Amino acid sequence: MVDLTSSFLGIQSPNPFWLASAPPTDKEINVVRAFEAGWGGVVWKTLGEDPHIVNVNGPRYGAVHSSDRTLMGFNNIELITDRPLETNLEEIKRVKRNWPDRAMIVSLMVPCEEPNWASILKKVEDTGADGVELNFGCPHGMSERGMGAAVGQVPEYIKMVSEWCKLHTKLPVIVKLTPNITDIRFPARAAKDGGADAVSLINTVSSIVSVNLDTMSPEPSIDGWGSHGGYCGPAVKPIALNMVAEIARDAHTAGMPISGIGGVTTWRDAAEFLSLGASNVQVCTAAMTYGFRIIEELTSGLSNWMEEAGYERVEDIVGRAVPNVKDWQELNLNYIAKAKINQDLCIECGRCHVVCEDTSHQAITSSVNGKRHFEVIDEECVGCNLCVSVCPVDQCITMEQMTEGTDPRTGQPISSEYSNWTSHPNNPFSNG
Amino acid sequence: MTSQRLQSLTEELHPPLTAHEAGVESDRCYFCYDAPCITACPTGIDIPLFIRQIKADNPKGAAKTIFDENILGGMCARVCPTETLCEQACVRNSQEEKPVRIGELQRFATDTLMDTGRQPYERSADSGKTVAVVGAGPAGLSCAHRLAMHGHSVTIYESKPKPGGLNEYGIAAYKTIDDFAQREVDYVLSIGGIQVEYDQQLGTSVNLSQLKDQFDAVFLGMGLGGTNALNVDGDTPAGVHDAVDFIEALRQAEDPTALDVGRNVVVIGGGMTAIDAAVQSRLLGADDVTLVYRRGQDAMNASEFEQAVAQTHGVLLKTNWQPIQLIADDGQVSGVEFEQTDSANGSLQGTGNKRVFECDRVLLAIGQQFDAADALSGVELQDRRVRVDEYGRTSDAAVWAGGDCVSGGEDLTVSAVQAGKVAALSIHQHLSA
Ligand SMILES: Cc1cc2nc3c(=O)[nH]c(=O)nc-3n(C[C@H](O)[C@H](O)[C@H](O)COP(=O)(O)OP(=O)(O)OC[C@H]3O[C@@H](n4cnc5c(N)ncnc54)[C@H](O)[C@@H]3O)c2cc1C
Ligand SMILES: Cc1cc2nc3c(=O)[nH]c(=O)nc-3n(C[C@H](O)[C@H](O)[C@H](O)COP(=O)(O)O)c2cc1C
Ligand code: SF4
């Protein structure tokens, strides 16, 4: 039997799926609906100080669609909660009391002064919430006022605010990181050095989602003007996965709990985040695209896979893939793979041929003996995986490892020994 | 009842795709290398390119890609048996037995551009050369348009009072609603440099040697005027009609529902014309329509899809029965006697088993034949149609031909368009030399 219960910083929830701080967690009515649907916890929509902020009164979201209008990427210029602080606090208190088994985290963003943080932390403690998340992430609007990403982009500020928070509350402190930075390890290290208990990431990526070519206004358009927003949804998952892995394998931050965020849409996305070192995941866009009921697929999918793969508890997955994430220079240059086309599955669209011919290594035929036929020329194939990436038929082209003989491309014998760039003769700094 | 019938007669088999449907469908195209669908299209339209243009929200560019090869791409999108042409070659068939709906996408693109009333071509500077085109059907129009693009002055001689050929007089009503055939002709002619002389028949009001004298080149695109005669015993009683005439009458009728189509109809034939005549008889109120074909179902010229259309419209298909004689009652047809056949080993043989199919109407759809031979002195024929080479050149160095009137063709609208285009290029080369 698979056990999906999760304990993040000692905060219990029936499953590792939390709703990220965003519109789905902005009000009691939403959060209650989420809990009824089965979500394990929420990070309440970011609270600020009164007078509460205001949002634009026109469109605040934009999207990137596939041809069938599947939402691939999502963009927003929304700010933090636009309701009075007291209203939010009352609702948080009531929801936590009525749903004691669910995780209730409160996201916070106030000006960078110690008294401001001390004051709001006190108020959150009074609600009975389980923890706080410091929003150092929003890339738009609030950052112009010295908050959000403006803090998250300066490691010294992260450390400073984390210290204040640890000083002024006993609640677990999670620092939410912005991806709008060159090297994610620096803010993560600063959070750790400031005493934060965990990091969560990613917040949204600065973006302009599209331009209306009739009006020449960026979208979403407010009276003919637009402003950069924050990008999220399926399109940002690869960015988030890398950042989570970077923190998980960094010696300085190793072992610090991570809450993984960014494009989680299916159970598989979640499992990938967990394998790269996240202890749980947070979801925003998928819920905003399909509604809360997706939690049923997330939980059943994750437990089915865990059962088949022989994992009993969520902790068993966490970080499993981290040891396999390496620097490029550590990769085995003696590993030789060639593309192989399964002729029974091939539908003869020829895309593998034309992309290899035009843009890669001229390693796939278009005709053999005058007949349309697509076949890999091992003498030319460098094993780049482009054909696999563009083939419309799943499993039609696979990369097959060569374990013996010689590589027909280089004429070099296949070696079973591990050998990487650090000892390669072409490397001027070779140690070999 | 009457208006309901009329509506179903002109209700399209495939309603046009919406922009969203076109977007989703276009996304199914793989943009194949050396795409097999292009080879399968008689006019060689760059199908993956036009579909990609639709996908990228550029339907007008898509239409130009289509018109570059096939100026009647709008009609072809409606009447081509795509299931045996481009769509049959789609690689999606091997993957999931569901080709990309190329025909419907082609219609989406061409409709979008045609609705603007603007065609993407301008006539080149006047070449000073003149060409006579006989027949304003698909072959003649395609030839004339391509010649006009190259700056030649074209005069079309058309025996009927209206242009379009079988697009106007033959194609089933439900394939081309809203007077599309005439709108398309206007669109094609809007390039300029093409003059149409109606009610001018080669062989009566004009003759070939006159045309050769007056023009630098002549293109023959007169289709097949005549229809094959039924080889059965006895005189032809009342109530027996040629299917092409029947369809022409209904296409041209002010109120098709007022036509007397009979109550119990026997259609003889196995091609597109037979299917169209049968289905339209049903739509116009005939109680029973039986389509009788002398060979087996797989030998029918009508595609599987068209056979299915007939069946869903309540037409009974009877195969392997050949007509023996027409039976009349007071000079009015009352039945047809058929003999069962065996076509198993290729040759058609009667089995001796005979049977009378009762009816009050017979429609003959047993093929058309070329009937303008007399007007073509000096132009060689082959299999009773005009003999041409791969460029549409006849035995007479000043005369080109294409479409249904030449031998060895496919008798499809799209093939006629291709033949007109190929001949125009050959004529252009000849005139520029
Ligand atoms: C009932 C029916 C249904 C069909 N349905 C389909 C279909 O669904 N899809 C498809 O692809 N094809 C279909 N076809 C076939 C298609 O219509 C023809 O292959 C195509 O129209 C041939 O074009 P064309 O220009 O060669 O001849 P036509 O379309 O026959 O045009 C010839 C033109 O020349 C004129 N003409 C004839 N003789 C003379 C003369 N002596 N002097 C001056 N002008 C003359 C005619 O009036 C006519 O306008 C159908 C045919 C029929 C009969
Ligand atoms: C409309 C919208 C509003 C958001 N508001 C906040 C916010 O107030 N505080 C915050 O920390 N993150 C906010 N986010 C970021 C999300 O919590 C999350 O980090 C991001 O969307 C990535 O996850 P996803 O791909 O599952 O959406 C917002 C996101 C969206 C789409
Ligand atoms: S792209 Fe895939 S399906 Fe197409 S020819 Fe290549 S291997 Fe076959």
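At roughly what angle do the axes of helix α8 and helix α10 of chain A cross?

**View 1. Helices α8 and α10 of chain A in the predicted model.** The axes of α8 (residues 267–275) and α10 (residues 294–309) of chain A come within 8 Å and cross at roughly 60 degrees, and the two helices are therefore oblique to each other. The crossing of α8(A) past α10(A) is right-handed. From α8(A), the residues W267(A), A271(A) and L274(A) meet E297(A), L298(A), G301(A), L302(A) and W305(A) of α10(A). Six of the residues in this contact are nonpolar, one is polar and one is charged. W267(A) and W305(A) also belong, together with Y311(A), to one aromatic cluster.

**View 2. The aromatic pair of F8(A) and W18(A).** Over all chains the count comes to 10 aromatic pairs. In the pair shown here, the ring centres of F8(A) and W18(A) are 5.5 Å apart and their planes stand at 75 degrees, so the pair is edge-to-face. The pair links strand β1 (residues 6–8) of chain A, which holds F8(A), to strand β3 (residues 17–19) of chain A, which holds W18(A), 10 residues apart. F8(A) is buried at 1% relative accessibility, and W18(A) is buried at 0%.

**View 3. The aromatic pair of F338(B) and F357(B).** The ring centres of F338(B) and F357(B) lie 4.9 Å apart with planes at 75 degrees, so this pair is edge-to-face. Because F338(B) lies in strand β11 (residues 332–342) and F357(B) in strand β12 (residues 349–358) of chain B, the pair ties together parts 19 residues apart in sequence. F338(B) is buried, with a relative accessible area of 0%, and F357(B) is buried with 6%.

Definitions and conventions:
Residues are numbered from 1 along each chain as its sequence is written. Chains are lettered from A and ligands numbered from 1 in the order in which they are written. This is a predicted model: local features need pLDDT of at least 70, side-chain atom pairs count only at pLDDT 80 or more; totals for chains, interfaces and linings use all residues. Side-chain values use heavy atoms; hydrogens and water are left out. Axes are lines fitted to C-alpha atoms, for helices over the stretch in contact, and angles run from 0 to 180 degrees between N-to-C directions. Helices (H or I, at least four residues) and strands (E, at least two) are DSSP runs, numbered from the N terminus. Angles under 35 degrees count as roughly parallel, over 145 as roughly antiparallel, 65 to 115 as roughly perpendicular and the rest as oblique. A crossing is left-handed if the near helix is turned anticlockwise from the far one by less than a right angle, and right-handed if clockwise. Contact means heavy atoms within 4.5 Å. Ala, Val, Leu, Ile, Met, Phe, Trp, Tyr, Cys and Pro count as nonpolar, Asp, Glu, Lys and Arg as charged, and the others, Gly among them, as polar. Rings of Phe, Tyr and Trp (its six-membered ring) pair if their centres lie within 6.5 Å; planes under 30 degrees apart count as stacked, over 60 as edge-to-face and the rest as tilted. Buried means under 20% relative accessible area, exposed over 50%, partly exposed in between (1.4 Å probe, protein chains only).
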